[in-house]
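Hi everyone, thanks for coming. Let me put the structure up on the screen, and then we can walk through it together.

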Amino acid sequence: MDSKVIVITGGAGGLGSSCARALKEYKLVITDYAKAAVESAVNKLVDEGFNVVGFPCDITNKESVQSLKEFSISQGAFKGLVHTAGVSGTGGDPKNIFTIDLVATDMLINSFYDVAKENAVVILFASMMGHTVPPNPAYDHALRNPQAEGAYTAIAPFIDGSADTMYNFAKRGVILLCKDNAMRFGKNGARIVSVSPGVILTPMAKKALEEHPETMEQMLALTPIKRNGLPEEVADLVKFLISNNAGFITGTDIIIDGGVTTQLLKAN
């Protein structure tokens, strides 16, 4: 029971499973919405020699998140939360995206806050697209307080019913939550950081390449590094941020996108 525990949401997905493989030195708690997906992910990691357990969780439900936290701390000393779970805007419902990508993030931050003590780290997954949404007090207050009554309706006029635009706004909200919680976590001796990936070749991105080749080619043409990212590269960044080598990094967002955001912001 002296293992240092890291919880990975979305642990059955592309980025979540890559992060898990980069964190073999820890006791891992893999969580995702579907029980079968969690069991499959855990079984693969066990076969590879990982110290890992699974716990299905609905991250949009406070009671489920609380149960995840209690289960996690029963496994050993809490070291970190790597929150990769989320949904893309493609073909989605804006309210659903707001709830899963932003409200759930706020719930997880608040739930794990009291167990995030000395040298613990919370890593939130935002997106480079969050940086394309400009600051605006008309919606930033709602993004910073997504569980407040009327938060969604305050943001809705700015997205014009677009699920893709809501995704961008929700990810800006994740970045703001990271910044807003830095001092709060720091008083516990803990850190909180957000990571904003660009186009990373997960199964979801590969599907997008097939379905929207023109858009993906345009994005690649704007990428200074001239290639898309690999899940392992994001996982290596997460491994560094979890480690004590990153002990002076908190309250900030780190973009890992091959430089494409610099060109997207220039275009705007």
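By class, the residues lining the second largest pocket are 7 nonpolar, 4 polar and 3 charged. Here Ala, Val, Leu, Ile, Met, Phe, Trp, Tyr, Cys and Pro count as nonpolar, Asp, Glu, Lys and Arg as charged, and the others, Gly among them, as polar. Before going on, please keep in mind that this is a predicted model, where local features need pLDDT of at least 70, side-chain atom pairs count only at pLDDT 80 or more, and totals for chains, interfaces and linings use all residues. Residues are numbered from 1 along each chain as its sequence is written, and side-chain values use heavy atoms, with hydrogens and water left out.

Back to that second pocket. Its lining has 14 residues, and Asn228, Gly229, Glu233, Asp257 and Gly258 lie nearest the centre. The volume is about 160 Å³. A pocket, on a 1 Å grid over the protein atoms alone, is an open set of points where a 1.4 Å probe fits, with protein on both sides within 12 Å along at least five of seven lines; lining residues have an atom within 4 Å of a point. Grid points are joined across faces, edges and corners, and the volume is the space filled by probe spheres set on the points.

Now, what is the volume of the largest pocket? It comes to about 1,500 Å³. Of its 48 lining residues, Val87, Ser88, Gly89, Tyr167 and Met204 are the closest to the centre. The helices that give two or more residues to this lining are H1 (14–22), H4 (94–112), H7 (163–180), H9 (203–211) and H10 (213–221). Helices (H or I, at least four residues) and strands (E, at least two) are DSSP runs, numbered from the N terminus. H9 gives the most, with 6 residues. By class, this lining has 22 nonpolar, 19 polar and 7 charged residues.

Next, salt bridges. How many does a search of the whole structure find? There are 5, counting a side-chain nitrogen of Lys or Arg within 4 Å of a carboxyl oxygen of Asp or Glu. Let me show you some of them.

(Buried means under 20% relative accessible area, exposed over 50%, partly exposed in between, with a 1.4 Å probe and protein chains only.)

Asp180 and Arg144 also meet in a salt bridge, at 2.7 Å from N to O. Asp180 is in H7 and Arg144 in H5, 36 residues apart. Both are partly exposed, Asp180 at 37% and Arg144 at 33%.

Then there is Lys69 with Asp114, at 3.1 Å between the closest N and O atoms. Lys69 is in helix H3 (residues 62–73), while Asp114 is in the loop between H4 and strand E5 (121–125), 45 residues away. Lys69 is buried at 7%, whereas Asp114 is partly exposed at 40%.

Last topic: cysteines. With a disulfide taken as a pair of cysteine sulfur atoms within 2.5 Å, the count is 0. For Cys57, the nearest cysteine sulfur, that of Cys19, is 17 Å away. Cys57 is buried at 4% relative accessible area, and Cys178 is buried at 0%.
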